[in-house]
Amino acid sequence: MYVYTVATLVGIYCILTLGLNTITGIAGQISLGHAAFLGIGAYTSAVLTVSYGWDFWPALIAAVVAAGGAGALVGAAAIRVREDFLAITTMGVNFVVVAVFLYFPFFGGAFGIGGIPAPRWFGAALGKPGFLVLVVAGVLLALAVNLWLLYSWAGLALLATREDEDAAHAAGVDVRAFKIMAFTIGTALAGLAGSFYAHYLTFISAGDFGFPFSITILCMLVLGGIGTNRGAIAGAVILGVLPELSRPLADYRMLTYGGLLLVLMRWAPHGLLGDASLLGRALARRLER
Amino acid sequence: MTTLAQQLINGLTVGSLYALMALGLTMVYGVMRVLHIAHAGVFTLGAYAGLWGFRWTGSFWVALLAAMAAATLFGLAMERWVYSPLLGKPPITTLIASIGVFIALEEIYRIVAGPEPYGFEVRLLLPDLRAAGLLLTAPQLLVALVTGALLLGLWLLLARTGIGLAIRAVSQDGEIATACGMDPRRIVALTFAIGSALAGAAGMLVGIFYNSVSPTMGSVTAYKGLAIIVLGGLGSIPGTVLGALLVGVVETLVIGLVDFPLPRDAWAFLAMIAVFLVRPQGLLGVK
């Protein structure tokens, strides 16, 4: 049972890092508030199923739409606000969203929301193995979206926006629309992860979705190698599993993450498997041969 | 009317503490174009060092000195080993590294000093001032006097001395300042030292003012500091002081007068996001 729990959570982390990779890795728009969209998805799904008696599946779709919609708004803000200012704007969004969950009785206030029902599949409640299959399907969907983005015209436009916004604009790329698109897709994926998270843990509270969790997701992505799907997944798996294997790592989790971010930025900004990292370049050479 | 005036006093006190904290942020941004999130870690270090100094000697002045000295040393170390090596990298790289330092620091404080808050009770020799139904408590008076003195000192340094001229020159245009014979690395280090010293003092004053020193006391201040320097226009020192007082007053008034269930910290962010969208250069910024 324990293995299923770790695997399911790692799957949820993978969806989150893939979503953040869409925004930060592919489109180059920094977001320090990814956990807020996880929270929006989780709360949407939880409120609809617990307070309004919705079924899991429509609530899942609502969660994706709500998170994606909120993400589109932030994407619209990203048109005016760039780079490190976008970073602190998204950080602010994270704080405001958590404060709303915490202070509005509608969202359960400080007590959070409990008793979130398990998803049902043809009338039967989904058990832990079934849930893992569901989450893996979610990871594959997120991966498919990102792969489509990387190999389509839209992906080229996003990469161009990342490399040089003004040049992309001059070359006829509608930078505004593509920024909003990247944010919408990335945050909708976070909403999907949020719905899974709520229904797997059956209890959520505002503190789960704070800024430290956003940093955790960013740390996973940076460790794996920002901008690549393999990096996003590798980072989520490594940092999702390591604290389970090592007690001190679990106790001093934030110290590890903080130190890791500093060390990576200082000596290996492309992470373990990024395109310009040592391993990534070796991999590329091997594939060319 | 009296309530409003009293709220104004309370707001200005809080605001002047924010100003002390945010000045370092804005000065560092000025000379390095870096958002120095770990500044809040320096702020917390100041509070712990001040508390330690006070317990050791029982003297407020020794404690203040300890807070500022510890903060200065740590700020210089960070400039030397974190920020300088990352110069020239994209701003995001430095920002992420800075966040890494900050969350690691919070965890270190928790491990070293324990998660529970310490009280910071100082017997002040100041009176509570009462006039026309208004109350200025002794801690508020202390905050007003110390921040006033430090801000005056900073203004004199920046406006009246050669060092201040150099700092202003480097923050306006580093290359031209270098061409005029200034050494930007020294100026950057100096800026870190001054900004960190102010943050250390702010940390200790906040500890005394709320009678609590805890590992996470910096986190809200960190992000609020960012909101403030953005409001004031990045790199602008008068703008930062104005922004800090404004945030202090507005959030105190909003909490006191408006019955809307959002904590005071969320308001600063909403204000920041609004300013970003309407006036990205800040209230007093010129760009």
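Q: How many residues of chain A are in contact with chain B?
A: In this predicted model, 31 residues of chain A are in contact with 33 residues of chain B.

Q: Which helices of chain A supply at least two residues each to that side?
A: On the side of chain A that touches chain B, α3 (56-80), α4, α9 (211-224) and α12 (253-267) each supply at least two residues.

Q: And where does the largest share come from?
A: The largest share of that side comes from α4(A), with 12 residues.

Q: How do the residues of that side divide into nonpolar, polar and charged?
A: The side of chain A that touches chain B has 23 nonpolar, 4 polar and 4 charged residues.

Q: What does B:A266 touch, leaving aside its neighbours within four places in sequence?
A: With those neighbours set aside, B:A266 is in contact with A:F95, A:V96 and A:A99. B:A266 lies in helix α11 of chain B, residues 264-278.

Q: Is B:A266 buried or exposed?
A: B:A266 counts as buried because it has 21 C-beta neighbours inside 10 Å, where the cut-off for a buried residue is 20 or more.

Q: How far apart are B:A266 and B:P85 in space?
A: They are 34 Å apart, C-alpha to C-alpha, and 181 residues apart in sequence.

Q: Changing topic to the largest nonpolar core, which residues touch the most other members?
A: Those are B:A201 and B:A227, in a core of 195 residues.

Q: What is B:A227 in contact with?
A: Apart from neighbours within four places in sequence, B:A227 is in contact with A:G92 of chain A, and with B:V247, B:A268, B:F269, B:A271 and B:M272 of chain B.

Q: What about helix α2 of chain B: where is B:V42?
A: B:V42 is in helix α2 of chain B, and B:H39 lies in helix α2 as well.

Q: Why does B:V42 count as buried?
A: B:V42 counts as buried because it has 32 C-beta neighbours inside 10 Å. B:H39 is also buried, with 30 other C-beta atoms within 10 Å.

Q: Which residues do they touch?
A: Not counting residues up to four places away in sequence, B:V42 touches B:A71, B:F74, B:G75, B:S196, B:A199 and B:G200. On that basis B:H39 is in contact with B:G24, B:L25, B:A199, B:A222 and B:G225.

Q: How far is B:H39 from B:F192?
A: Their C-alpha atoms are separated by 9.5 Å, although the residues are 153 apart along the chain. For B:V42 and B:A202, 160 residues apart along the chain, the C-alpha separation is 9.9 Å.

Q: Back to chain A, then: how many residues does α8(A) have, and how many are buried?
A: α8(A) has 27 residues and reaches 39 Å from its first C-alpha to its last, close to the 39 Å expected. The helix is mostly covered, with 22 of its 27 residues buried.

Q: What follows α8(A)?
A: A:T202 follows α8(A), with a positive phi near 60°. Most residues other than glycine have a negative phi. A:T202 is found in the loop between α8 (175-201) and α9 of chain A and is partly exposed, with 14 other C-beta atoms within 10 Å.

Q: What is A:G114 in contact with?
A: Leaving aside neighbours within four places in sequence, A:G114 is in contact with A:T202 and A:F203. A:G114 and A:T202 are 88 residues apart in sequence and 6.0 Å apart in space, C-alpha to C-alpha. A:G114 is found in the loop between α4 and β1 (120-121) of chain A.

Q: What is the phi of B:R33, and where is the residue?
A: B:R33 has a positive phi of about 55° although it is not a glycine. B:R33 is in the loop between α1 (2-32) and α2 (39-57) of chain B, and is partly exposed, with 15 other C-beta atoms within 10 Å.

Technical notes: Residues numbered from 1 in each chain as written. Chains lettered and ligands numbered in written order. Predicted model: local features only at pLDDT ≥ 70, side-chain atom pairs only at ≥ 80, totals over all residues. Contact = placed C-beta atoms within 7 Å. Helix = DSSP H or I, 4+ residues; strand = E, 2+ residues; numbered from the N terminus. Nonpolar A, V, L, I, M, F, W, Y, C, P; charged D, E, K, R; others polar. Core = buried A, V, L, I, M, F, W, Y, C linked by C-beta atoms within 7 Å. Buried ≥ 20, exposed ≤ 12 C-beta atoms within 10 Å, placed from the backbone. Expected span 1.5 Å × (residues − 1).
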